[in-house]
Amino acid sequence: MPLPMEVHSVCLPPKTTTFQKLKHRVSEILFPDDPLHRFKNQTWCRKLLLGLQFFFPIIQWGPEYNLRLLRSDIISGLTIASLAIPQGISYAKLANLAPILGLYSSFVPPLIYSLLGSSRHVAVGPVSIASSVMGTMLSEGVSNVEDPILHLKLALTATFFAGLFQASLGLLRLGFVIDFLSKATLVGFMAGAAVIVSLQQLKGLLGIVHFSGKMQFIPVMTSVIKHRKEWSWQTIVMGFSFLVFLLTTRHISMRKPKLFWVSAAAPLASVILSTLLVFCIKSKAHGISFIGHLPKGLNPPSSNKLYFNGPFLALAIKTGIVTGILSLTEGIAVGRTFAAMENYHVDGNKEMMAIGLMNIIGSCTSSYVTTGSFSRSAVNYNAGAQTAVSNIIMAAAVVVTLLLLMPLFHYTPDVVLAAIIITAVMSLIDYQAAFRLWKVDKIDFLACLCSFFGVLFISVALGLAIAVGVSVLKILLQVTRPNTMALGNIPGTQIYQSLSRYREALRVPSFLILAIESPIYFANSTYIQERILRWVREEDEWIEANKECKLETIILDLTAVTAIDTSGIETIGELRKMLEKRLLKLVMVNPVGSVMEKLHQSKILELFESNGLYLTVGEAVADISSSRMSQP
């Protein structure tokens, strides 16, 4: 005869005050990484130094900087400058701003980030997705053609609010807010934006003068067909020639990563070649439009252009928040990607503050919204960047360009800038990620599709809002309709697992063992009660069909129930009464500390008998079975 199993009691957690609980909860929410642990048991001088290093990471690695690191950073800085200059000009046009603002945005923001940023490899500057969203959202309220001054003011103001929003998230440690932009949402959003941005570039590729300012698929394609008489064969030949060249160099670099410099140098090479070509045939190339005059000089101050009062302030704030979220998501993702590859840590909240302050200061120095760029950071990494000094070198190269080389870009054709933009945004279309979403999670794939088609056919902002709504709906479904399952015993062990998942698991006669895999809240308590009663009914039907022993005990495994509220507690009490009327005994197993504490404080445990709460399912089954056997 087997020895009876020892039954352990379920203990309450250590007693703590309400203030201690609140302090612990706030600490877990806002400070999961315990950022102040380095300051413990340190002198005041040491704490001051650690504080400066926390806010200015350059102070931490600066004293160890040497000529070997500088050589690597100079090479990588000059390499990304060759990419940043043509991309800056192109992305500014994408945002419906003067091309010079793209270069201004590649000077001051990288300098700020090199002081405040914690990533060694992030290359800062304008990015395609934020540029296109800003251009689209602002153009819905103000035309950059009819009122370019107001459009510029709103762009700078939107950049200010983007930075304010980003810095606030970092300062208040609320970075989890951007987690509502799930991977699925971003995959669809970026693909949709890439398609619509590419279609918008048909204006430049085809040489169309009158073109739709809208960013939806149907108006853009209608405009292309409607104005087909404006198509210029010279522009088409030049545009598609350079587009093929740029896509070919990109393909070469993707196939052979060591040749990263091929795709990195291709945009600047395209600008130089096309500019020389247009300059040589300018008397004959009437159908090819070019940039024109670009002013020399460093960033002029622009704090006086910030728009804080007027009918378009709400538009600037909305645009700033949307572009701020998108640029923040990209910047942090870039930093964490390369940090993981090189095994160092990037503090997400510090990155938010760095990017936010970078944009606030940038808005006062004629720069529009910037962040860490995937393409430039990849080139920076492959070129051997060691520290953020590569951003300083890039900024220095941009300064030389602003002071001395601006007249050389006078004849740069718009069609080449369009080809550069199309090549850049092509990398945002990740069809493999979409396929993985379809295989792994159909609801995530639905969110991806909603985001993609919403951006393509409705608008950028509404497409993003729809996708976020689908993602939130998924969370609500998981919270309000949690998973419950029946458990069985794996023979020869004290392990209890899902009957539907493990074929070897067997039902325990007279017992129905159920596991709940979520917190029990007001939002799901009624569903859980109804689902448990359904499990009981289905078990009775199975017993009757298979002539098994009568059901006597329902065991609830609460191991995965991480929290419970008053509605959940009342549900358990009601469930116990309903089962008791049917001569069924309800038993609870292994509630976690916070759940056990609330059950104890609510006096609900007094409704259960002495053998109504156990530490493990095995102990519950063994103890209740032995009690039945001992009864006459």
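Buried means under 20% relative accessible area, exposed means over 50%, and partly exposed lies in between (1.4 Å probe, protein chains only). This is a predicted model, in which local features need pLDDT of at least 70, side-chain atom pairs count only at pLDDT 80 or more, and totals for chains, interfaces and linings use all residues. Residues are numbered from 1 along each chain as its sequence is written, and side-chain values use heavy atoms, with hydrogens and water left out.

Start with two cysteines. Cys-549 has a relative accessible area of 43%, so it is partly exposed. Cys-11 reaches 58% and therefore counts as exposed. A disulfide is a covalent bond between the sulfur atoms of two cysteines. The cut-off here is a pair of cysteine sulfur atoms within 2.5 Å. The structure holds 0 disulfides.

Now turn to the helices. Helices (H or I, at least four residues) and strands (E, at least two) are DSSP runs, numbered from the N terminus. Two packed helices are described by the angle between their axes and the distance between the axes. Axes are lines fitted to C-alpha atoms, for helices over the stretch in contact, and angles run from 0 to 180 degrees between N-to-C directions.

Take helix 7 (residues 128-139) and helix 9 (residues 183-200). Their axes come within 10 Å and cross at roughly 65°. That is why helix 7 is roughly perpendicular to helix 9. Helix 7 passes helix 9 in a left-handed crossing. Left-handed means that the near helix is turned anticlockwise from the far one by less than a right angle; clockwise is right-handed.

Which residues of helix 7 and helix 9 meet? Helix 7 brings Ile-129, Ser-132 and Val-133, and helix 9 brings Phe-189, Met-190, Ala-193 and Val-197. These contact residues divide into 6 nonpolar, 1 polar and no charged. Ala, Val, Leu, Ile, Met, Phe, Trp, Tyr, Cys and Pro count as nonpolar, Asp, Glu, Lys and Arg as charged, and the others, Gly among them, as polar. Contact means heavy atoms within 4.5 Å.

Helix 9 also holds Leu-199. Is Leu-199 buried or exposed? Its relative accessibility is 15%, so Leu-199 counts as buried. Leaving out residues up to four places away in sequence, Leu-199 touches Phe-211, Phe-217, Val-220 and Met-221.

Finally, Leu-403 lies in helix 17 (residues 389-405). Leu-403 is partly exposed, because its relative accessible area is 39%. With the sequence neighbours up to four places away not counted, Leu-403 touches Lys-296, Gly-297 and Leu-298.

Terms used:
Parallel < 35°, antiparallel > 145°, perpendicular 65-115°, else oblique.
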